[in-house]
Amino acid sequence: MLVVLGAATGLALMRGAAARLHLVSAAGLLAPPLVAAAILSDKGRSQAGIKALLIACVLVIQGPVVAHVIGRAIYGHERAAQPKAKELQ
Amino acid sequence: MIVAALICAAVLLRGRHLSDRLVALQMLSLLTVLALLILAQAMSRPSFFDLALALAILSFPGALLYAHFVERWLR
């Protein structure tokens, strides 16, 4: 909860999409295993526990991939906006 | 988690640039999956695990497509 709340607060307070992405991707990597561990500790090796573990694996694998693609999109978007700023100068 | 989701929704609605909103959307989808997991555990409803799995799997190509759109088409 604290990880997620900290990431959301940083998302709101930080300036710039890259800084926000930095926080969100960190939370996206930390929070799902913690939740899956909590569910596994309660349910044990049941169907629910295995499903929670599977969901955590999916989120942990897709998190950095999506963060990389969004970061590339942010970089391309900002780079395209720079010539306009230079023209104004 | 509701507080975190409300903060993300506020950034999503009031974000200045499209990239900020994309990051907020990604965070919101993660929060939804985690909320479904916790609800499934708390209410002892195994069907919510399937919902969370479907959302986790489907949010991946959605985020990729949106980022591809921002990168290629909004120059």
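**Entry 1: the two chains**

I started with chains A and B and found 38 residues of chain A in contact with 36 residues of chain B; contact here means heavy atoms within 4.5 Å. This is a predicted model, where local features need pLDDT of at least 70 and side-chain atom pairs count only at pLDDT 80 or more, while totals for chains, interfaces and linings use all residues. Residues are numbered from 1 along each chain as its sequence is written, chains are lettered from A in the order in which they are written, and side-chain values use heavy atoms, with hydrogens and water left out.

Next I looked up the buried area (the accessible area, with a 1.4 Å probe, that two parts lose on being put together, summed over both). Chains A and B bury about 3400 Å² between them, and 78% of that is on carbon and sulfur atoms.

**Entry 2: the salt bridge**

How many salt bridges does the structure hold over all chains? I got one, taking a salt bridge as a side-chain nitrogen of Lys or Arg within 4 Å of a carboxyl oxygen of Asp or Glu. The side chains involved are those of A:Lys51 and B:Asp50, at 2.6 Å from N to O. A:Lys51 lies in helix H3 (residues 47-88) of chain A and B:Asp50 in helix H3 (residues 47-73) of chain B, so this pair joins two chains. My note on helices: they are DSSP runs of H or I, at least four residues, numbered from the N terminus.

**Entry 3: two helices of chain B**

I then turned to H1 (residues 2-14) and H2 (residues 18-43) of chain B, whose axes come within 8 Å and cross at roughly 155°. Axes are lines fitted to C-alpha atoms over the stretch in contact, with angles from 0 to 180 degrees between N-to-C directions. That crossing makes H1(B) roughly antiparallel to H2(B), a label for angles over 145 degrees. The residues of this contact divide into twelve nonpolar, no polar and two charged. Nonpolar covers Ala, Val, Leu, Ile, Met, Phe, Trp, Tyr, Cys and Pro; charged covers Asp, Glu, Lys and Arg; the others, Gly among them, are polar.

**Entry 4: B:Leu28**

I picked out B:Leu28, which sits in helix H2 of chain B. Leaving aside neighbours within four places in sequence, B:Leu28 is in contact with B:Ala5, B:Cys8, B:Ala9 and B:Leu12. I also checked B:Leu28 against B:Ile2: they are 26 residues apart in sequence and 10 Å apart in space, C-alpha to C-alpha.

Conventions. Angles under 35 degrees count as roughly parallel, over 145 as roughly antiparallel, 65 to 115 as roughly perpendicular and the rest as oblique.
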